[in-house]
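Open the model in your viewer and keep the sequence panel beside it. The stops below say what to select and what is there.

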Amino acid sequence: MSEPYELPPDPLAGELDAFIESHELSARGRLLDREPAFPRREFESMGAAGWLGLTTPVSFGGRGLSIARAGVLLHRLAFRSGTTFAKLSLQPEFASVLHEVGSEALLDTWYRPLVAGRRLVGNQITEPGAGSDAQALQLAARRDPTGYSLSGEKTEVAFATEADAALVYGRVEGGETDGVTAFLVPQEGSGILRQVVGTDLGERWQRRGSVTYRHVHVPLESRLGEEGEGFSYVRAELTRERALLAAVYLGVARASWVDTVKHVGRRMAFGRPLSANQAVAFPLVDDEGDLAAGWLYVRQVLERLDRAEEVDAEAALAKSIATRVSLQALDHAIQFHGGRGYSNELPFEQRWRDVRSGSIAHGSSEIMHLVAARRLWSRRPAS
Ligand SMILES: Cc1cc2nc3c(=O)[nH]c(=O)nc-3n(C[C@H](O)[C@H](O)[C@H](O)COP(=O)(O)OP(=O)(O)OC[C@H]3O[C@@H](n4cnc5c(N)ncnc54)[C@H](O)[C@@H]3O)c2cc1C
């Protein structure tokens, strides 16, 4: 049988494949599910080899690739090794607010080391009373003589106890604007209480939890950009990362679809291969079309991002579609591998659990629909 799927080509594909193989990323990603921990060793190796921050400019230690090329490589990384290291590769993109509005000193202390895999910088927006409705966040940033004093709680955040620093979003009290402001906060300071809460369904290596701030002093220089502008900075980042995450989910789903197509062509039941049954073959044919259509759409959004077009709605839709069709294909992979598919002997159940986060993190699927719907109707002439 011919290969049912060829990965999109890229000049860096061979180098990436060699890295994945030499660092045994596939096996490592599976181990991190069973023994959750932040993969510091691989983080450092990826930084040293240039696999963190694919779109980050070369002057900051990144690859300086277009967003579309980054999508192709992340798709490949997820295809070959699961979601873990593709998401790890994205950490500098998740800190683009630091990159774009951080001072030179902050860039040297935190952003360049992040791209080099030497310092981990998390993102803290969510609070007990503010998730989807992030605008409702309450963490207070009170002005003091040399900066701000932060008090409040962040929840659900990745790398709760592992991050060396975090982009923390708080509300400045008594300012001209009531808006939300971003700060770079080292996580070892006094007044910061961090804990991992619960065990996640998937992506366990992120060890999510809560971080509480009690009168934590943040110097003025650690404010990112202007007061009240926090969300205006993070909006563009969310759009880019949603489109790139869509490429990741489609990569791991496509790998599982390839394995399943091969498996059902070989596995015999009732004297013939499973693939001879339409009940098995037709869902896999549907998945082929859905994954391909999803990928074409995602590619288009990534290319439009490179042309600096405004694609908030399309990126939201790309993540929502990619998550849905990927989960469907992964469910079929579990189903058509039978009892072993349901077990962690095979990778599909973990992949399903990992991709399931895509319906909630970086904006839930319902919120992605709200973003897409808002744009759809606001484009039409008022009646
Ligand atoms: C794997 C993972 C990693 C994460 N990492 C981070 C991180 O690093 N930093 C961080 O700050 N946060 C992080 N989060 C938190 C994440 O951003 C929030 O969980 C998410 O925004 C949803 O917020 P919530 O959990 O409060 O759910 P809620 O806002 O309470 O929503 C619950 C449900 O209601 C739906 N809903 C809400 N409003 C509407 C509406 N108007 N219409 C229709 N449906 C609606 C939502 O879609 C969702 O299905 C992470 C979450 C996950 C799962």
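Helices (H or I, at least four residues) and strands (E, at least two) are DSSP runs, numbered from the N terminus. The model is a predicted one: local features need pLDDT of at least 70, side-chain atom pairs count only at pLDDT 80 or more, and totals for chains, interfaces and linings use all residues. Residues are numbered from 1 along each chain as its sequence is written.

**Whole chain**

Start with everything shown as a cartoon. The chain has 14 helices and 10 strands. Its C-alpha trace spans about 80 × 60 × 40 Å along the principal axes. The radius of gyration is taken over C-alpha atoms, and the globule rule is 2.2 Å times the number of residues to the power 0.38. For 383 residues a compact globule would come near 21 Å, and the chain has 21 Å, so the two agree.

Next, colour by burial. A residue is buried if 20 or more other C-beta atoms lie within 10 Å of its own, exposed if 12 or fewer, and partly exposed in between, with C-beta atoms placed from the backbone. Of the 383 residues in the chain, 47% are buried. Two residues are in contact if their C-beta atoms, placed from the backbone, lie within 7 Å. Among contacts with a separation of 6 or more, 74% are between residues 24 or more positions apart.

Select residues 278-306, which are helix H10. The expected span of a helix is 1.5 Å times one less than its number of residues. The 29 residues of H10 should therefore span 42 Å, and the end C-alpha atoms are 42 Å apart, in agreement. Which residues of H10 are buried? They include Leu-284, Asp-287, Leu-291, Trp-295, Val-298 and Leu-302. An α-helix has 3.6 residues a turn, so residues three or four places apart point the same way. Just after H10, Ala-308 takes a positive phi of about 60°.

Move on to residues 312-336, helix H11. Its 25 residues reach 36 Å from first C-alpha to last, close to the 36 Å expected. H11 is mostly covered, with 18 of its 25 residues buried. Gly-338 follows H11 and has a positive phi, near 65°.

**The strands**

Now select strand E4, residues 165-173. Eight of its nine residues are buried, so E4 is largely enclosed by the rest of the structure. Two strands pair if DSSP finds at least two bridges between them. E1 runs parallel to E4, joined by four bridges, and Gly-122 stands opposite Ala-166 in E4. E2 also runs parallel to E4, through three bridges. With strand E5 (residues 180-186), E4 pairs in the antiparallel sense over seven bridges; Tyr-169 stands opposite Ala-182 in E5.

Centre on Arg-142 next. Its bridge partner in E4 is Glu-173, and its bridge partner in E3 is Ser-149. Strand E2 (residues 140-144) and strand E3 (residues 147-157) pair in the antiparallel sense over five bridges. A hairpin of two residues joins E2 to E3. From Ser-149, step across to His-217 in E7, which stands opposite. E3 and strand E7 (residues 209-219) are antiparallel, with eight bridges.

Glu-156 is not a glycine, yet has a positive phi of about 70°. Glu-156 is found in strand E3 and counts as partly exposed because it has 18 C-beta neighbours inside 10 Å. Arg-207, in the loop between strand E6 (192-196) and E7, also has a positive phi, near 40°. Where does Arg-207 fall, with 19 C-beta neighbours inside 10 Å? That count makes Arg-207 partly exposed.

A residue is near a molecule or strand if its C-beta atom, placed from the backbone, lies within 6 Å of it. Of the 20 residues around the ligand, Thr-126, Gly-131, Ser-132, Ser-364 and Glu-366 come nearest. Strand E1 (121-124), E3 and helix H14 (365-378) are the elements that give two or more residues to this shell. Colour the shell by residue class: seven are nonpolar, nine polar and four charged. Here Ala, Val, Leu, Ile, Met, Phe, Trp, Tyr, Cys and Pro count as nonpolar, Asp, Glu, Lys and Arg as charged, and the others, Gly among them, as polar.
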